[in-house]
Amino acid sequence: MTTASVKGIFSERSIRRARLGSGLVIFVFVLLHLSNHALGLISLASADKARHLFLVLWRNPIGTALFYGSVLIHIALVLRAIYIRRSLVMPKGEMAQIVLGLLIPLLLMDHVIGTRVAHELYGYIDDYETVVEQLWIRAPANGVRQVLGVLAVWIHGCIGIHFWLRYRPWYAEWSALLLAPAILIPVLSLLGFVQMGRTLADPAYQLTTNPYEVNLNARYLSDPEVRSRVATVRAGLYGAFSASLLLVVIARARRKLKERLDQVVVHYPGGEVIRVPRGFTVLEASRLGGLPHYAVCGGKGQCSTCRVQILGDYQYLPPPDKLEQTTLKRINAGPDVRLACQLRPNADLAVAPLLVPSVEAPPANSQETSPGREREIVVFFVDIRHFTTLTETRLPFDVVFLLNRYFAIIGKAVEQAGGRLDKFIGDGAMALFGLDTAPEEACRQALNAAAAIVAEIEKLAAELADELTLPLRIAIGIHTGPAVVGTMGYGRVRSMTAIVDTVNVASRLESAAKEFEAAIVISEPVADLSGAALSGIESREINVRGRALPLKVYVIPREKAAEPLEGKA
């Protein structure tokens with residue numbers, strides 16, 4: 001969970017970037033280190049030669065400051081994140097990342113002391129021959145601990161990378177390819193370590209370390225005074241980390257006791273009443289109460305799927321910070337709509353989540369409550385005008401025949417243009433474009449589909465002219481913008497669909513086409529992205545519910561709707 005944003009260098013966005021940046025530096029270090037271990041599959045000498053290149057990069061003043069500075073920053077920000085998180089109810093992936101992150105210092109601190117610290121203080125030669133001998137032959141228990149540390153740090157890093165990239169448009173396509181190196185790198189690293197250990201354990205192997213290095217390392221390993229100082233360093237590092245963690249635990253406990261005396265009540269539409277300490281977000285309240293609540297971005301304020309409508313006086317709530325304002329502005333939210341992950345009520349309030357999970361939704365702390373991903377798409381609505389009048393004197397089977405002919409025209413035109421038919425709603429239909437194409441191409445596809453549908457409906461109208469009381473006419477609305485696209489439904493009735501404001505606007509444009517007695521109404525963004533030449537096409541401004549400003553649209557009459565607009569690629 002995030003706290004209220006602070007301006008300047010210590011804003012939440014800056015802190016998240018610092019945590020991400022420091023984590024990436026550590027991940028690159030670990031990636032190169034494990035790759036170096038993997039060369040042990042070739043030979044111990046090969047791994048040691050590559051080690052010299054690794055040391056050139058990281059054992060210089062700049063590399064040392066960058067790496068160990070990143071370690072300290074990352075640990076400090078992780079401890080801070082644990083402290084500011086009001087609830088420890090979270091998805092399993094987030095919990096695994098936190099637990100592994102806390103185990104890493106405990107598993108790897110001795111390795112750091114026995115290599116880098118010993119080298120800097122006593123000139124200890126921590127080459128592969130020396131380190132592997134210690135971990136494989138002299139102290140295999142430490143070797144097992146080292147293996148667990150390697151796995152912990154790698155899995156922790158991969159989870160972090162996954163959380164960072166999971167909502168990038170290209171990630172779904174590349175995730176399977178990225179999984180292969182994510183598995184192979186630690187496996188090859190551990191196999192390289194095993195191979196080097198077996199090599200050193202072979203009596204036929206001749207040590208290549210020179211006598212000076214042997215004597216230097218022997219002094220470090222056997223000198224009581226040196227060992228005492230190293231033990232002091234070890235105790236200091238373990239003590240500092242343990243004290244920091246204990247301080248976080250104590251601070252959380254103190255805050256919890258204080259919060260029990262100062263709570264707010266959050267009311268939900270289903271009658272649920274959840275009491276939480278003042279300072280908790282509405283999303284945290286939902287999770288504490290076991291209520292499924294969408295939060296695609298994990299509660300970071302970067303999506304709008306957790307948004308809620310305030311039922312009552314919203315003017316007295318804490319104002320949205322810059323991060324929340326930016327997200328709300330993207331979806332043209334009304335003043336009574338807030339992000340549940342950012343809103344920290346200072347008094348009792350009632351809210352209604354605007355994206356409600358199904359009745360049999362997964363547990364509230366599961367990522368499976370995510371409805372999909374946000375992407376730029378084109379939404380296409382089509383409907384028959386005066387359908388009730390057209391069909392009131394016809395037999396039911398004749399109505400079914402007419403609708404099936406009409407639906408076949410729509411489905412064929414949408415699919416041939418490159419779109420996806422989403423659903424039929426009575427005598428209307430909704431289609432999506434841009435699920436696999438750029439927004440510009442999607443707009444052109446939607447306009448091509450609209451022209452094809454109008455042309456085919458004209459033919460059908462002529463064919464049935466003698467049977468219908470009114471001419472067969474349709475109305476089409478097309479709009480583009482961000483929407484959450486995902487698989488939704490209940491039980492076996494599940495399908496991919498889109499939700500959010502873009503869908504509502506497209507539906508409003510279809511209604512506007514009926515009002516203007518036009519065949520097609522498209523929004524200005526569709527016209528701009530498609531590159532269509534709209535000279536001679538009437539433009540108007542219409543009001544859309546939930547939007548503060550009018551929306552400019554282009555009204556295409558039936559006479560011009562059957563032909564593709566000039567300028568489309």
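**Notes on the predicted model**

1. His 386 sits in the loop that runs between β6 (373-384) and α12 (387-391). In this predicted model, the residue has a positive phi of about 55° although it is not a glycine. For background, most residues other than glycine have a negative phi. His 386 has a relative accessible area of 48% and is therefore classed as partly exposed.

2. Glu 517 is placed in the loop between α15 (501-515) and β11 (520-523). Its relative accessibility is 52%, and because exposed means over 50%, Glu 517 counts as exposed. The C-alpha atom of Glu 517 is separated by 9.3 Å from that of Val 555, which is 38 residues apart from it along the chain.

3. For the chain as a whole, the model contains 17 helices and 13 strands. Of its 569 residues, 46% count as buried.

4. Which residues have the most contacts inside the largest nonpolar core? They are Phe 380, Phe 433, Ile 476, Ile 478 and Ile 520, in a core that has 47 residues. Helix α14 (residues 439-463) supplies the largest share of this core, namely eleven residues. There is also a second, separate core of 24 residues, which includes Val 264, Tyr 268, Leu 339 and Leu 343.

5. The surroundings of Phe 433 can be listed individually, leaving aside residues up to four places away in sequence. Phe 433 touches Ile 377, Val 378 and Phe 380, together with Val 414, Ala 417, Gly 418 and Gly 419, and also Ala 442, Gln 445, Ala 446 and Ala 449. One of these partners, Phe 380, is itself named with Phe 433 among the residues with the most contacts inside the largest core.

6. Helix α4 (residues 92-122) packs against helix α6 (residues 140-165) at an angle of about 145°, and their axes are 8 Å apart. The crossing of these two helices, α4 and α6, is left-handed. On the α4 side the contact is made by residues including Gly 93, Glu 94, Leu 100, Ile 104, Asp 110 and His 111, while on the α6 side the contributors include Arg 145, Leu 148, Val 153, His 156, Ile 159 and Phe 163. Sorted by class, the contact of α4 with α6 comprises 13 nonpolar, eight polar and three charged residues.

7. Helix α1 (residues 12-38) and helix α7 (residues 171-201) form another packed pair, with axes that come within 7 Å and cross at roughly 45°. The two helices α1 and α7 are therefore oblique to each other, and α1 passes α7 in a left-handed crossing. From α1 the contact draws on Leu 31, Leu 34, His 37 and Ala 38, and from α7 on Ile 185, Pro 186, Leu 188, Ser 189, Gly 192, Phe 193 and Met 196. By class, the contact of α1 with α7 has eight nonpolar residues, three polar ones and no charged residues.

8. Not counting residues up to four places away in sequence, Phe 27 touches Trp 154, Gly 157, Cys 158 and Ile 161. Phe 27 and His 156 are 129 residues apart in sequence, yet 9.4 Å apart in space from C-alpha to C-alpha. His 156 is also one of the α6 residues that make the contact with α4.

9. Ser 242, finally, is found in helix α9 (residues 224-259). With a relative accessibility of 39%, Ser 242 counts as partly exposed. Ser 242 and Leu 106 are 136 residues apart in sequence, and 9.3 Å apart in space when taken C-alpha to C-alpha. Leu 106 is among the residues of α4 that make the contact with α6.

Technical notes
Residues numbered from 1 in each chain as written. Predicted model: local features only at pLDDT ≥ 70, side-chain atom pairs only at ≥ 80, totals over all residues. Heavy atoms only, no water. Axes fitted to C-alpha atoms, helices over the stretch in contact; angles between N-to-C directions. Helix = DSSP H or I, 4+ residues; strand = E, 2+ residues; numbered from the N terminus. Left-handed = near helix turned anticlockwise from the far one by under 90°. Contact = heavy atoms within 4.5 Å. Nonpolar A, V, L, I, M, F, W, Y, C, P; charged D, E, K, R; others polar. Core = buried A, V, L, I, M, F, W, Y, C linked by side-chain atoms within 4.5 Å. Buried < 20%, exposed > 50% of the residue type's maximum accessible area, 1.4 Å probe, protein only. Parallel < 35°, antiparallel > 145°, perpendicular 65-115°, else oblique.
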